[in-house]
Amino acid sequence: MKKMSIFALATLALLGVTSSANAATTVLATNDFVGITFWVVSMGMIASTVFFFAERGTVAQAWRPSVSVAGLVTGVAFVHYMYMRGIWVETGETPTVYRYIDWLITVPLQIIEFYLILAAVNKVPGSMFWRLLVASLVMLVFGYLGEAGYMSALFAFIIATAAWIYILFELFSGAAGKAMKKSGNKAMKTAFAAMRMIVTVGWAIYPLGYLFGYLLGGVDANSLNVIYNLADFVNKIAFGLVIWHCAMLNTSVSKR
Ligand SMILES: *C/C=C(C)/C=C/C=C(C)/C=C/C1=C(C)CCCC1(C)C
């Protein structure tokens with residue numbers, strides 16, 4: 001296990017180094033605020049990835065999948081951020097559609113975290129896992145189809161938003177919400193509630209960006225990128241830290 005995670009980290013570091021070498025021809029301007037936010041988020045993502053994989057071995061066995069998945073989310077986002085930063089520096093734009101490649105992997109991983117933390121302390125039906133996974137995929141696939149121009153932007157927005165609302169329903173009053181309420185594990189309940197708040201408030205940024213940035217066209221690309229970058233910082237890194245903290249609280253010294 002130790003060897004595996006060291007290998008994973010080395011691969012990530014190598015990817016980071018090679019993609020910055022590729023971008024060597026174009027320099028990040030010192031007053032390029034959007035470009036700087038791409039860099040800051042990239043570094044936040046790699047730092048969190050190292051942290052989650054390093055910490056993984058210190059939490060109780062049942063919590064390791066949750067912490068690993070948190071590390072995968074920030075790791076995948078790190079690689080995408082390095083790429084998007086490169087495109088931004090070279091062309092002065094980063095089409096939102098590129099973000100969907102990241103979301104398609106990181107968002108389903110984040111949504112199954114709810115299942116993983118519930119399953120770490122209680123018996124939960126596997127059907128919950130599938131419902132959450134499928135709903136998150138419907139949300140993203142329709143968002144992509146709309147944003148990339150394959151179907152009516154408004155129709156795609158409505159279906160994607162309905163899928164997000166379905167996820168919220170599942171987390172608040174559906175099987176996941178009920179399983180959380182019934183659980184006697186205080187740390188898990190606190191983490192679940194905090195993560196659910198992120199999925200409600202933090203995630204609202206993305207449909208709002210679709211609505212005002214794309215459908216109505218009232219937001220410029222610079223502001224939109226800065227907003228998405230800051231949102232991702234909270235929605236991926238803080239989200240993972242909540243899970244890690246909960247895992248630590250559920251790990252007694254003897255179980256380490
Ligand atoms: C780290 C990236 C995250 C957490 C991205 C989340 C993205 C969403 C919650 C996107 C949701 C959308 C809608 C609810 C409707 C319009 C289409 C989307 C895909 C922007």
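Begin by selecting the lining of the largest cavity, which by class has 13 nonpolar, four polar and three charged residues, where Ala, Val, Leu, Ile, Met, Phe, Trp, Tyr, Cys and Pro count as nonpolar, Asp, Glu, Lys and Arg as charged, and the others, Gly among them, as polar. The model is predicted, so local features need pLDDT of at least 70 and side-chain atom pairs count only at pLDDT 80 or more, while totals for chains, interfaces and linings use all residues. Residues are numbered from 1 along each chain as its sequence is written, and side-chain values use heavy atoms, with hydrogens and water left out.

On a 1 Å grid over the protein atoms alone, a cavity is a set of points where a 1.4 Å probe fits but cannot get out, whereas a pocket is an open set with protein on both sides within 12 Å along at least five of seven lines, and lining residues have an atom within 4 Å of a point. The structure holds one cavity of 30 Å³ or more, and the largest cavity has a volume of about 310 Å³, a volume being the space filled by probe spheres set on points that are joined across faces, edges and corners. Of its 20 lining residues, select Trp103, Met139, Leu140, Tyr206 and Pro207, which lie nearest the centre. Then colour α4 (96-121), α5 (126-147), α6 (153-172), α9 (205-215) and α10 (221-249), each of which supplies at least two residues of this lining; helices (H or I, at least four residues) and strands (E, at least two) are DSSP runs, numbered from the N terminus.

Next, move to the second largest pocket, with a volume of about 170 Å³, where Thr94, Pro95, Thr96, Ala221 and Leu224 lie nearest the centre among 13 lining residues. The largest share of this lining, three residues, comes from α10, and the lining divides into six nonpolar, four polar and three charged residues.

Now go to Leucine 132, which is found in helix α5. Is this residue buried or exposed? Leucine 132 is buried, because its relative accessible area is 1% and buried means under 20%, exposed over 50%, and partly exposed in between, with a 1.4 Å probe and protein chains only. Leaving aside residues up to four places away in sequence, Leucine 132 touches Ile111, Phe114, Ile167, Glu170 and Leu171, contact meaning heavy atoms within 4.5 Å.

Finally, show the whole chain, which has ten helices and zero strands, and in which 50% of the 256 residues count as buried.
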